Amino acid sequence: MANTTTDDSRKENNQDLTLERSNASFNINEITEIIDGGVDKTKFRKEMEKLLFDDPLFKDFYKTFFKTRSELYEESIARGVKLFSLRQKYKWTDEQFEVIEDLVNHLFGMSLHFTMFIPSLERLATETQKAKWLPLATNFKILGTYAQTEMGHGTYLQGLETTATYDPVTEEFILNTPHKSSMKWWPGSLGKSSTHALVQAVLIINGKNYGMHPFMLQLRSLDNHMPLPGIEVGDIGPKMTVNYNDNGFLLLKNVRIPRQHMLMKHAQVSSDGKYTSSGPNKAIYATMVLVRVKMTKWVHDALRKAITTAVRYSAVRHQSKMDDSGPEPQILDYQTQQYKLFPVLADTYALFFMSRNLRRQYNRMMEDIRNKGSYKMLAEIHSISCGLKGLSSKIGIDGASICRTACGGHGYLMVAGISEVLGLLHSVVTAEGEYTVVCLQTARYLMKQIAKVSVGEVVTESCEYLNVDPQSFSCPLQTPADCFNLTFLCDIFRNRANSLIRSVASRLQIAIESGTPQHIAMNNNLQSLVRVAEAHSETIMVLDFTAAVTSLRTSPETIKVLTSLCQLHALHTIVKHAGDFMETESVGLEQIKWIREQELKLLEIIRPNAVALVDAFDLHDDSLGSLLGVYDGNVYERLYESTKYNPMNQNVVHPSYHKYLKPLMSGEMISKL
Ligand SMILES: Cc1cc2nc3c(=O)[nH]c(=O)nc-3n(C[C@H](O)[C@H](O)[C@H](O)COP(=O)(O)OP(=O)(O)OC[C@H]3O[C@@H](n4cnc5c(N)ncnc54)[C@H](O)[C@@H]3O)c2cc1C
């Protein structure tokens, strides 16, 4: 069934896409509604698309690729201001605002005000502090960011060097960034926009170091936006992407702030300099977990743009010949093109179901914290979200790179939109916990869980598979057809993770028992620890995808097509890590051969629905931001149109001709030398 979108701007006039859409075996609206979370949410999203994309400020995303950094920044601030005003006018909930953020590709200024500044205030400030600052923040009387990372340290928070020294005489903290390495470097919206920052600094009282604490710091005058005395602040420069964001630097020289500007919900400093603390600050971890949980969804959002572009473009692009007498086929008909793109399509769906489940688990944890004051689930959700944030960013980068190359030369153009997606994914792999570092956090948790198994203690739900002895496992794949059995595939993933975890745990134990210092034993096994975190996270993804497709309440056709994607996701992951699966005897050589054959069969099964499966993401062209992936498929016309907008083409003869080329060609340049 064809797309029933009501968007008038979409004209189905590319014949190939029209045919592809008519070939689909399922109703794409069913999948769209699953992804949006129900009919009402699809309706809301469509209303928001109308509201936003009728406004020139949000239209024609591709034009951003021709802008200078300063123009990009200015436009993003205009967008942010518009969105914040609309948010107040329509009283959008946080959940609704997340939908809007996705629609506009997060391309608006001051996003940290809502993602980090206000949530951190809510979790770290006392009731009195909240009463003072939250109304100012929510009414935009102050604009804030969160300044943690420094030039010298991002990952290792104990290494942060910004100091807040208490002066009991004036009852003030004196803030300093004593070395070049101590300056804050990276915080979003810091360079040019924010008037305030929550600054993480080392608290010092009477020469004693009390570790990192949060402080409210006013950066700029509320009258003329000039930096206050002792403060040097600016933009860190062009980046791989997100160049609209004024990621900033901050130097502090003897900046004094009142004692009441330390956020004191979890630790307090009295007027005479006495320090009290109510214990480890679990609330801050909950905030960090939420950002990672959201990032897994951002990866899905980003990758679905890349795959939508690559699949639609592959349906309209014709190149070479399979048979000399025949026409040039759609490049989507080459098996190699399908082998590039369909596993990425399957991963994109896997990411969706995984991130949806992760968000549900996070919400359950927050309910427990709010209703029962219980932080019981925090360690597990923290470990899962670390591993899944890492894994999803890696899947995203790999998948978007494949989409880029699968679009040939045109995929290299910025207006293809994939470079932008790729750059964004590169920020996800590093920000909020660098890839290796977050994987190691998950691995440490897994080591604790396996230690529990060895002494007969209960492990958490995500690690239940560790209770099975891998010695008792035998590969359930007895025939090639078994490779489509999702229950078998889940068991294979569990066994591979279980065996790898046990093997590293045992190597660590042997090393430590034989006298190797613990830190050396750990370092000698770091790569294996990352590998176990990846194996555990891949298992969670396959289990989540399987659980989702086996419990769907929708038409059999839709279940069938999603099941094929789930099978392909699992089989392709096994092929990618065939060494791991064979080393742990989760599958044998014969089974690997079958799996490779069945993968190719799945390509044929998925082929007729490929375009419909990306259409089901229902991305508005102005969200997609790609001239190769436009819904109507008129790619060549769009590419040519974009040259009219290109500032390089505004002069038929570029001024550099008169300045350099003409003197060279006339010999004037050489005679001057
Ligand atoms: C686009 C973007 C936006 C950002 N926005 C913000 C923001 O708004 N606010 C903010 O405060 N910060 C922000 N950051 C900073 C970001 O949080 C840090 O860059 C990130 O946490 C990584 O830390 P790092 O730069 O110190 O990397 P490093 O830790 O120096 O990493 C470099 C290498 O060292 C390895 N490594 C480091 N430690 C270990 C270890 N223990 N074991 C093994 N290997 C290790 C890493 O794996 C990596 O390969 C942003 C960064 C980016 C790219």
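The largest nonpolar core of this predicted model holds 118 residues, and the members that touch the most others are Ile307, Leu345, Ala400, Cys403, Leu425 and Val532. A second, separate core has 38 residues, including Leu175, Met183, Val199 and Leu203. In soluble globular proteins, nonpolar side chains tend to be buried together.

**Leu219**
- Leu219 sits in the loop that runs between β6 (208-218) and β7 (231-235).
- Leu219 is classed as buried because 26 C-beta neighbours lie inside 10 Å, and the cut-off for a buried residue is 20 or more.
- Leaving out residues up to four places away in sequence, Leu219 touches Ser194, Thr195, His196 and Ala197, as well as Pro227, Leu228, Ile231 and Val233.
- Between the C-alpha atoms of Leu219 and Asp398 there are 40 Å, with the two residues 179 apart along the chain.

**Shell around the ligand**
- The ligand has 23 residues around it, of which Thr149, Gly154, Thr155, Ser427 and Thr436 come nearest.
- At least two shell residues come from each of β1 (144-147), α11 (418-430) and α12 (435-454).
- The most is given by α12, which supplies 3 residues.
- By type, the shell consists of 10 nonpolar, 11 polar and 2 charged residues.

Note on methods. Residues numbered from 1 in each chain as written. Predicted model: local features only at pLDDT ≥ 70, side-chain atom pairs only at ≥ 80, totals over all residues. Core = buried A, V, L, I, M, F, W, Y, C linked by C-beta atoms within 7 Å. Buried ≥ 20, exposed ≤ 12 C-beta atoms within 10 Å, placed from the backbone. Helix = DSSP H or I, 4+ residues; strand = E, 2+ residues; numbered from the N terminus. Contact = placed C-beta atoms within 7 Å. Near = placed C-beta within 6 Å. Nonpolar A, V, L, I, M, F, W, Y, C, P; charged D, E, K, R; others polar.
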